[in-house]
Amino acid sequence: MLIGVPKEIKNHEYRIGMTPAGVRELVTAGHQVIIERDGGTAIGLTNELYEAAGATIIDTAEEIFATAEMIVKVKEPQPNECKMLRSGQLLFTYLHLAPDPQQTKLLVESDAVAIAYETVTDNHAGLPLLAPMSEVAGRMAIQAGAHSLEKAQGGLGTLLGGVPGVAPAKVVVIGGGVVGINAARMAMGLGADVTILDRSLPRLKQLDEIYGPQLKTLYSNVESIEEEVVAADLVVGAVLIPGAAAPKLVTRDHLKKMKTGAVIVDVAIDQGGCFETSHATTHQDPIYIEEGVVHYCVANMPGGVARTSTFALTNATLPFILALANKGYQKALSDDPHLRNGLNVHRGKITYKAVADVLGYEYQTAEDAIR
Ligand SMILES: NC(=O)C1=CN([C@@H]2O[C@H](COP(=O)(O)OP(=O)(O)OC[C@H]3O[C@@H](n4cnc5c(N)ncnc54)[C@H](O)[C@@H]3O)[C@@H](O)[C@H]2O)C=CC1
Ligand SMILES: CC(=O)C(=O)O
Ligand SMILES: [Mg+2]
């Protein structure tokens with residue numbers, strides 16, 4: 001198969017969909033890989049390294065989209081990338097369609113086959129292609145939150161860990177999945193007072209068993225969220241209903257009751273965000289203030305540590321890329337129900353129910369689509 005990897009074009013996005021090691025695996029398996037010139041240069045993955053691994057360097061994204069059978073990316077295709085997709089072409093990347101009607105429409109119109117990293121599943125009720133970036137974003141959420149708490153950013157002027165004689169900051173994490181636990185771990189490591197909320201009792205039990213009394217766990221409901229958020233210095237939004245738009249758990253009214261200078265980091269922003277007042281921001285301009293509360297809502301946080309993130313992401317994606325290349329998408333999806341759960345758009349039809357429901361499209365099952 002001819003596999004094409006364009007350079008990412010989202011704001012300050014320096015990740016790339018494949019490393020030279022990935023190229024080598026695919027070439028060894030008999031495939032051809034084309035990489036856009038300087039696609040990985042910003043993180044030290046030079047054109048020379050890709051060529052040495054067996055890739056061909058191509059000057060423009062246009063040439064890659066015009067020839068490759070499968071496009072492998074990191075971020076959701078931007079409008080001009082959607083327009084370059086061809087009928088029947090395979091796209092494997094993050095999509096986050098539920099909060100993005102424009103991208104969804106363009107993908108439907110493209111007649112391409114789009115598999116989303118974030119809805120591929122595994123045997124342990126996990127999301128193996130989201131998890132590595134959730135680990136990164138969860139850990140970064142505390143760095144970003146700590147920085148935003150500084151006065152120069154509009155924050156309270158509070159040090160997360162406090163100092164002897166001064167209490168630490170109160171960190172509240174809503175959602176105890178992969179983002180949530182990584183955020184909690186970092187915040188506990190810095191000495192903050194950390195509470196995590198989830199609506200899964202088994203998950204809360206597991207977190208309690210792992211972290212003991214240093215981590216407070218709370219069942220998530222309207223009341224506990226309100227009480228915790230109002231008292232918090234830093235709130236991290238980390239909930240997910242796979243494939244669906246994030247529930248708006250924290251309202252503008254809650255914000256009015258929060259401390260002026262408190263900070264929210266809405267990691268769930270890529271699924272639309274779990275704070276009513278969130279809107280997506282960029283690494284270039286990551287924060288804004290509403291109701292006196294500093295909002296950090298970068299939708300591609302891992303792009304900020306693009307080198308770590310590229311290796312973490314591609315470790316997870318490569319086995320699936322190999323399966324798609326070796327078998328073709330129809331057989332690969334038919335053999336592997338977990339990869340099939342990644343199919344969001346197939347030749348003009350929406351094949352992920354939560355996306356079809358929220359955006360008002362007719363739904364076709366992935367099984368029917370590939371039959
Ligand atoms: N902004 C960014 O750059 C990035 C964003 N993300 C996003 O972060 C979000 C979280 O991802 P993961 O941690 O991997 O998901 P996950 O599935 O591991 O965890 C989500 C957790 O939310 C909980 N939850 C659902 N509804 C809840 C409610 N009403 N109250 C409390 N908890 C609730 C679930 O029980 C689950 O434990 C996703 O939207 C993901 O796309 C992930 C990576 C990067
Ligand atoms: C998961 C995601 O949206 C990201 O890594 O940018
Ligand atoms: Mg994102």
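Below is a short exchange about the domains, sheets, helix packing and ligand shells of a predicted model.

Colleague: How far apart do the C-alpha centres of domain 1 and domain 2 lie?
Modeller: The domain assignment gives domain 1 as 2-120 + 306-370 and domain 2 as 134-299. Their C-alpha centres lie apart by 31 Å.

Colleague: Which elements give two or more residues to the side of domain 1 that touches domain 2?
Modeller: The contact takes 13 residues from domain 1 and 11 residues from domain 2. By class, the domain 1 side has 7 nonpolar, 6 polar and no charged residues. The elements that give two or more residues to this side are α11 (306-327) and α14 (353-359).

Colleague: Which residue in β3 stands opposite Glu36?
Modeller: Strand β2 covers residues 32-36. It runs parallel to β3, joined by 3 bridges. Opposite Glu36 stands Ile58.

Colleague: By how many degrees are neighbouring strands of the sheet of 7 strands turned against each other on average?
Modeller: The order here is β9-β8-β7-β10-β11-β13-β12, again an open sheet with mixed pairing. Its edge strands are β9 (215-219) and β12. Direction ignored, neighbouring strands are turned on average by 20 degrees.

Colleague: What is the bridge partner of Val171 in β8?
Modeller: Strand β7 (residues 170-174) and strand β8 (residues 193-198) run parallel. They are joined by 5 bridges. The partner of Val171 is Val194.

Colleague: Which residue in the turn of the β12 and β13 hairpin has a positive phi?
Modeller: β12 (residues 287-290) and β13 (residues 293-296) pair in the antiparallel sense over 4 bridges. Ile289 has Val294 as its bridge partner in β13. The hairpin has 2 residues between the strands. The positive phi, about 55 degrees, belongs to Glu291.

Colleague: At what angle do helix α6 and helix α7 pack?
Modeller: Two packed helices are described by the angle between their axes and the distance between the axes. For α6 (residues 131-148) and α7 (residues 178-189), the axes are 7 Å apart. α6 passes α7 in a right-handed crossing. The angle is about 35 degrees.

Colleague: How many nonpolar, polar and charged residues has the contact of α6 with α7?
Modeller: On the α6 side, the contact includes Ala131, Ser134, Glu135 and Arg139. On the α7 side, Val178, Gly180 and Asn182 are among them. By class, the contact has 10 nonpolar, 4 polar and 2 charged residues.

Colleague: Which element gives the most to the shell around ligand 1?
Modeller: There are 36 residues around ligand 1, and Ser134, Gly177, Val179, Ser220 and Met301 come nearest. The shell divides into 22 nonpolar, 9 polar and 5 charged residues. α6, α7 and β8 each supply at least two residues. The element that gives the most, with 4 residues, is α6.

Colleague: How do the residues of the shell around ligand 2 divide into nonpolar, polar and charged?
Modeller: The residues around ligand 2 are Lys75, Tyr94, Leu130, Met133, Asp270, Asn300 and Pro302. The division is 4 nonpolar, 1 polar and 2 charged.

Definitions and conventions:
Residues numbered from 1 in each chain as written. Chains lettered and ligands numbered in written order. Predicted model: local features only at pLDDT ≥ 70, side-chain atom pairs only at ≥ 80, totals over all residues. Pairing = 2+ DSSP bridges. Near = placed C-beta within 6 Å. Nonpolar A, V, L, I, M, F, W, Y, C, P; charged D, E, K, R; others polar. Axes fitted to C-alpha atoms, helices over the stretch in contact; angles between N-to-C directions. Left-handed = near helix turned anticlockwise from the far one by under 90°. Contact = placed C-beta atoms within 7 Å. Domains from an automatic or database assignment.
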